[in-house]
Protein chains: 2
Amino acid sequence: MKTIIAVCVMSVLSFGAYAERQSQEPIKIIEPITGLDAKKVELGKTLWFEPRLSASNTISCNSCHNIAKGGVDNLPTSIGHKWAIGPINSPTVFNSDLNFVQFWNGRAKDLQEQAAGPIANPLEMAFTHQLAIDTLQSIPQYRQWFKETYGVDTITIDEVTDAIAVFEQTLRTPNAPFDQWLKGDDSALTVAQVEGYQLFKEKGCTACHAGPLAGGQMYQKMGLVKPFATDNPDIGRKAITGNEFDKFVFKVPTLRNIELTYPYFHDGSVWDLQEAVSMMADLQLGQKLTQEESEKITEFLRSLTGDLPQVTLPHLPPSSNETARPNI
Amino acid sequence: MKTIIAVCVMSVLSFGAYAERQSQEPIKIIEPITGLDAKKVELGKTLWFEPRLSASNTISCNSCHNIAKGGVDNLPTSIGHKWAIGPINSPTVFNSDLNFVQFWNGRAKDLQEQAAGPIANPLEMAFTHQLAIDTLQSIPQYRQWFKETYGVDTITIDEVTDAIAVFEQTLRTPNAPFDQWLKGDDSALTVAQVEGYQLFKEKGCTACHAGPLAGGQMYQKMGLVKPFATDNPDIGRKAITGNEFDKFVFKVPTLRNIELTYPYFHDGSVWDLQEAVSMMADLQLGQKLTQEESEKITEFLRSLTGDLPQVTLPHLPPSSNETARPNI
């Protein structure tokens, strides 16, 4: 009887802590996704690894958003067709469906719209939507899969990007130590991590890095208090809106799995996480962190690494004699 | 009772057919591999997908021997560092441990020796063994894994290539329709496939394409009866032995999963399997196949596609501040 009562009390306490932290903390739990169409997920996964969506037949979505590497390529900016050097750091695909818009400058409203971009970008996959579709349509197995999944005989870019976007939604990383702590498990974080999180809030980081992504919910100027020195010519949102006040305004990136997604910032110029923390405090908040403060915040950030997706490689169906040859 | 007797008779017949075909046919069954060290397999898999073994940190073993694409890249010749175009067609990694030597010209005696090649090849991963080792040694998780797996504090290229070679041994493709037929299941092949296999033997293809790989057991001259026209400058075994009679002599490639491993030949010049079959008969055996004959042999070759490996992507451990930056 004593045991039962103890368990009940602990459950209530645990639930209480959960409810309290969930409602009070600015960073929210990442939940795994459920209810997706299994056929779309499987087709989308196949397309995710499909280098025949690129002109050279060598670059797939996974080349720059590598599921083995935190959903990024760990390069300052990506390498594309014929070794083209891309203009901006590749954002992680993990949890990316939770971003309020896609791309650093928010030019795509969702993952489906985003997925159409790289295929036709001459610095990335360097194909066209029509050529990508022609390639898929020339492969009997893809014709069958699109028929079974979308009921279409003629594939369009809409089904391709929809399937990719559905697959991307599976790439959530739940169950990070920080999420376990949010759910009431006090032992999930070290003392330094809890202190780091308190500092993270007190210094004002959560003004931008909030929500389940600890980011991804708003735009902000890079260099809000002090200018950010960079060789990268990207002008941010101004390229979309034409407004001068949108110059160097970018989507606030997620801090989920941040220890895996170096190098940091839209120009990929900073490789050390603690250095990135100190720079952010300085440039965005006008605060000089002590060594100990930046160490603790960095420790807290490491608690945002969740369970990484377990993805089994698909087997891509062979081309037919009608399939266009690679342009290398 | 009748049922039991019938089952027994079928078993005996089945076993008889199995024993008979196994001993009499020149192509042998591919068996899955067992008894490998699980830690070495797991570490080897991680290294297989590790682009930090390349100078640019973007090219891994899987780039040219893609497990999602029949163990190849489906290019005439591979694309390497800074978009270098390689000299020869990338052979499949599937079942590759069953080759009697490695590389087209047999310059490596086994998979471990082979694995050391691409890392340091300036047209491929363009790194050095020392830089690759330095990279691994700079990553705490790799230090721990090599310690646990090989008992070493200081990683050398030998452990790296050993682990990769052990993982590669898992990439067998058993249970092809042809193997089921070899085991006595007459329904595993179509009539055309059985006829194609008879033609394959009668025309003399099995002189070279025999054993479990249907190849991979000997060298042979490309253009044995008639010269093979190619722009590819590779002179084959002559580069190794210096002997004029080894000019254009290459390892006979496997025909396992051949429908997936286009384009064909060491120069990757032929994309259509049936055309490759006709050319081989002509150039190697001095025989002109009819359209029907080449169709049937091609149908037989499609029965050599086995169960493809189910490989879950690893999660690569993050670099440290001591890890060298990519050279792009």
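Helices (H or I, at least four residues) and strands (E, at least two) are DSSP runs here, numbered from the N terminus. The model is a predicted one, where local features need pLDDT of at least 70, side-chain atom pairs count only at pLDDT 80 or more, and totals for chains, interfaces and linings use all residues. Residues are numbered from 1 along each chain as its sequence is written, chains are lettered from A and ligands numbered from 1 in the order in which they are written, and side-chain values use heavy atoms, with hydrogens and water left out.

View 1. A:Pro263 sits in the loop that runs between β2 (249–251) and α11 (273–285) of chain A. The peptide bond leading from A:Tyr262 into A:Pro263 is cis, and its omega is near -10 degrees.

**View 2. The cis proline of chain B, plus a positive phi.** The bond from B:Tyr262 to B:Pro263 is cis, with omega near -10 degrees. Look for B:Pro263 in the loop between β2 (249–251) and α11 (273–285) of chain B. While you're in chain B, check B:Lys82: not a glycine, yet its phi is positive, at about 55 degrees. B:Lys82 belongs to the loop between α3 (61–64) and α4 of chain B.

**View 3. Helices α4 and α7 crossing in chain A.** Helix α4 (residues 111–120) of chain A packs on helix α7 (residues 157–169) of chain A at an angle of about 115 degrees, and their axes are 8 Å apart. (Axes are lines fitted to C-alpha atoms, for helices over the stretch in contact, and angles run from 0 to 180 degrees between N-to-C directions.) That makes α4(A) roughly perpendicular to α7(A), a label for angles of 65 to 115 degrees; under 35 counts as roughly parallel, over 145 as roughly antiparallel, and the rest as oblique. Sorted by type, the contact residues of α4(A) and α7(A) come out as seven nonpolar, three polar and three charged. Here Ala, Val, Leu, Ile, Met, Phe, Trp, Tyr, Cys and Pro count as nonpolar, Asp, Glu, Lys and Arg as charged, and the others, Gly among them, as polar.

View 4. The domain bounds, from an automatic or database assignment, are 38–169 for domain 1 and 177–302 for domain 2 of chain A. Taken over C-alpha atoms, the centres of domain 1 and domain 2 of chain A are 27 Å apart. Contacts link 23 residues of domain 1 of chain A to 26 residues of domain 2 of chain A. Between them, these domains of chain A bury about 2,000 Å², 59% of it on carbon and sulfur atoms. On the domain 1 side, A:Phe100, A:Trp104 and A:Asn105 lose the most area to domain 2 of chain A, together 33% of what that side buries. Buried area is the accessible area (1.4 Å probe) that two parts lose on being put together, summed over both.

**View 5. The interface of chain B with chain A.** Here 39 residues of chain B touch 39 residues of chain A. Chain B and chain A bury about 3,400 Å² between them, with 66% of it on carbon and sulfur atoms. B:Trp83, B:Leu313 and B:His315 supply 21% of the area chain B buries against chain A, more than any other three residues.

Conventions: Contact = heavy atoms within 4.5 Å.
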